[in-house]
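Work through the exercises below with the coordinates loaded. Each task is followed by a solution in steps.

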Amino acid sequence: MKKLIAISILISALTCACTNTGAIIKPNAGQQVQEEVSNIHPIDKAIQDCMSKQDATHEMNKCVYIAMGSWNKEIDKYLNLLKSVTTEEDYNNILKAQKDWETYRDSEFEAVSIIMEKQGTMFLNSTVGMKSALIKERALFLKEFYETLSYKN
């Protein structure tokens with residue numbers, strides 16, 4: 001039961017508001033039926049696969065830490081790509097914003113760490129999931145920022 005709770009908390013924290021979704025409308029016996037289509041990011045898929053193979057909560061946390069490392073690599077990737085589509089002044093502003101975000105991230109990590117004081121391993125999983133979701137959100141923001149700036153009509 002604890003495993004099920006921990007998995008559901010982590011998966012919901014990691015996929016909340018960060019998966020790309022679109023709607024497809026299909027006719028069905030004269031009616032319009034809306035189907036939700038989800039495009040899962042490869043990092044999300046990797047964490048789901050990793051966690052599905054784990055029984056212990058500490059092993060699940062390892063999966064999340066691996067995903068956090070992957071999201072951090074995405075952040076670095078898009079920061080480097082942004083350099084190629086911006087002026088030096090704009091890029092310096094982006095780097096300043098990144099440093100400010102890192103300060104914010106560290107404060108958030110400290111704040112959510114109080115959850116770990118609660119009794120039970122699911123709270124540790126919850127904390128790790130929240131931290132990972134924050135990093136994922138930043139990575140996806142930078143990706144969208146880059147794609148917007150590099151968009152050509």
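The model is predicted, so local features need pLDDT of at least 70 and side-chain atom pairs count only at pLDDT 80 or more, while totals for chains, interfaces and linings use all residues. Residues are numbered from 1 along each chain as its sequence is written, and side-chain values use heavy atoms, with hydrogens and water left out.

**Exercise 1.** Determine how many helices and strands the protein chain has, and in which pattern they follow one another.

Step 1. Take helices (H or I, at least four residues) and strands (E, at least two) as DSSP runs, numbered from the N terminus.
Step 2. The count gives 5 helices and 2 strands.
Step 3. Along the sequence, the pattern reads α-β-β-α-α-α-α.

**Exercise 2.** Describe burial, surface and contacts for the protein chain.

Step 1. Classify residues by relative accessible area: buried is under 20%, exposed is over 50%, and partly exposed lies in between (1.4 Å probe, protein chains only). Of the 153 residues in the chain, 32% are buried.
Step 2. Compute accessible areas by the Shrake-Rupley method with a 1.4 Å probe; for residues, only the protein chains shown count as cover. The accessible surface of the chain is about 9,900 Å², and carbon and sulfur atoms hold 55% of that surface.
Step 3. Define a contact as heavy atoms within 4.5 Å. Among contacts between residues at least 6 apart in sequence, 65% join residues at least 24 apart.

**Exercise 3.** Find how many salt bridges the whole structure contains.

Step 1. Search for a side-chain nitrogen of Lys or Arg within 4 Å of a carboxyl oxygen of Asp or Glu.
Step 2. The search returns 7 salt bridges.

**Exercise 4.** Is Arg 105, which pairs with Asp 106, buried or exposed?

Step 1. The side chains of Arg 105 and Asp 106 form a salt bridge at 3.0 Å, N to O.
Step 2. Arg 105 has a relative accessible area of 18% and is therefore buried.
Step 3. Asp 106, at 41%, is partly exposed.
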